Amino acid sequence: MVKLVLVLGDQLTEDLSALREAAEDDVIVMAEVRDEASYVKHHPKKIALIFAAMRKFAKRLEESGRTVAYTRYDDKENSGSIVGELLHRANEYDASEVLATEPGEWRLISALEDAPLDIHQFPDDRFVASHREFEEWADGRKALRMEYFYREMRRKTGLLMEGDDPEGGKWNYDHDNRKAAPDDVDFNGPMEFTPDEITEEVLTLVEKEFGDNFGDLRPFRYATDQEGARRQLTFWLKGGLPKFGDYQDAMLADERFLWHSIISMYINIGLLDALEVCKRVEEAYRNGDVPLNSAEGYIRQIIGWREYMRGIYFLNGPDYTSHNTLRHDRDLPWFYWGGETKMRCISKAVEQTKEEAYAHHIQRLMVTGNFALIAGIDPHQVHEWYLSVYADAFEWVEAPNTIGMSQFADGGIIASKPYVSSGAYIDRMSDYCKGCAYKVKEKTGEDACPFNLLYWYFLDRHRQRFENNPRMGNMYRTWDRMDEDRRKTVLSDANAWLKRMEDGETV
Ligand code: FAD
Ligand code: DLZ
Ligand code: SF4
């Protein structure tokens, strides 16, 4: 009896565990379905990327002689869900057994567990660490800090190691990676891919079905297959990696990509292998093409942060996204969906998100994330926003970054202190403040940068929780050194500003 082999839209990898377990004549099931395309209002570019890449991956499997039962979004019989499509194919092929690779989201894992079919979920071994390895590492530790986990991953993979020691004598070169952007940016990534016939067909479908979702579908320039994703990687290794380290945290209003690789979406849907990417980065370093701070900084993002985030998501179970330790409850302001704001940093980050379905890490963490945290926005709404608007967003990686790292809603499982800053940090790392209606040097009054007001509002509001945090003592000492009248003015200006925001004024 044939078996069904489920391949999801973010599992487009030939070496996928479920495909390895299957026999040549088993039937591969792939489906574009309403439930997956609408659990949040995904950015149209994200849906188009996934559908186009799914169609091309299915074609590739068919050309290699495999049978693929593929459901298109507008097929009349489409049941609208992954389980519905499995049931439909089980009936069609007289199959009862399904081979699957564990999905990256608890919601879908339980849907498969609860389905009236015999579904085996194999581990997703496209990651360096298995769930068990992460659990063993975490077991008995008081704090789960990424840095120590990362060292284990360096040892395990042998990446940038000299025997038992880290290359160059240090594990982490982050100290060298905090330069503000120079005026002259000599890399203009990413590569642009002209849509072919398959992609055009998908774009027409997405336009029709998801035209109301936030985000611009066109121009659509992503790669949609393995070859394209590899070309982007090679292009970036040469032009972007050399300065990636130095300018990793920099932001420029009119340079959306700087020296970033723009490959997270390809890795996350399976078009690029994370370890292969790291090996190429190491090779560039060993060949003398890039400095160590760039190579180490990049490899740390992948085998450190990316693996660690996944570990945290699965360690903490399905309730992780409902954490709200700081009890923040303000609604996400309209300007996250493109409404007008005078804050140039937010306006530019959101504009870029709308047009590209991309923003780099510091824009996500220190602009939109920082604002949401200091303004006290409901973290679940923030989480749903990040899950919708970025092409690389899948819950296993988005939720720990948002709920944990960015919003401190998990109470410090990930971050040892909240990532909050006043306007001074944004001013140092970007050119946003130069053209802003607010004045970054003003600390109170009509023109004061809202980040300056809300930074103190946040610290004052959560004093009990954070004042004894050794990494935050200086912040509270600075606050306490201000005279009392000034502190009162800051807090009343912050409250008045928030009220204007809530009243729908353009702030
Ligand atoms: P580069 O800057 O070139 O970095 C290299 C690679 O390292 C990335 O491609 C990515 O695979 C990995 N990486 C770097 N930082 C992280 C991180 N913190 N967690 C996991 N992987 C990392 N990343 C996602 O892939 N999906 C998400 O949904 C996502 N949501 C985020 C939400 C918030 C609030 C924050 C602060 C960060 C989020 N990130 C997410 C992490 C990071 O912002 C993106 O991985 C990165 O911006 C992708 O762009 P890039 O490929 O140009 O990365
Ligand atoms: C994100 C997404 C979208 C938009 N559409 C589909 C789809 O139609 N079919 C599918 O198999 N997968 C899709 N995905 C990816 C899934 O949502 C993803 O596999 C889960 O969230 C687990 O990471
Ligand atoms: Fe953002 Fe404040 Fe700078 Fe304006 S002045 S761009 S609001 S940090």
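Mentor: For the classes used below, Ala, Val, Leu, Ile, Met, Phe, Trp, Tyr, Cys and Pro count as nonpolar, Asp, Glu, Lys and Arg as charged, and the others, Gly among them, as polar. The model is predicted. Around ligand 2 there are 17 residues, and the closest are Leu 8, Gly 9, Glu 36, Gly 104 and Glu 105. Two or more residues of this shell are given by each of α2 (34-38) and α3 (44-63). Sorted by class, the shell around ligand 2 holds 10 nonpolar, three polar and four charged residues.

Ligand 3 can be described in the same terms. Its surroundings comprise 14 residues, with Cys 345, Gly 423, Cys 433, Cys 436 and Cys 449 the closest. The elements that supply two or more residues there are α14 (344-356), α18 (423-429) and α19 (450-461). Of these, α18 provides the largest share, three residues. The shell around ligand 3 consists of 11 nonpolar residues, one polar and two charged.

A helix pair can be treated likewise. The axes of α13 (residues 292-316) and α17 (residues 395-406) come within 8 Å and cross at roughly 85 degrees. An angle of 65 to 115 degrees counts as roughly perpendicular, so α13 and α17 are roughly perpendicular to each other. On the α13 side the contact is made by Arg 306, Met 309, Arg 310, Ile 312 and Tyr 313. On the α17 side Trp 396, Val 397, Ala 399, Pro 400, Asn 401 and Gly 404 take part. By class, this contact has seven nonpolar, two polar and two charged residues.

Note on methods. Residues numbered from 1 in each chain as written. Chains lettered and ligands numbered in written order. Predicted model: local features only at pLDDT ≥ 70, side-chain atom pairs only at ≥ 80, totals over all residues. Near = placed C-beta within 6 Å. Helix = DSSP H or I, 4+ residues; strand = E, 2+ residues; numbered from the N terminus. Axes fitted to C-alpha atoms, helices over the stretch in contact; angles between N-to-C directions. Parallel < 35°, antiparallel > 145°, perpendicular 65-115°, else oblique. Contact = placed C-beta atoms within 7 Å.
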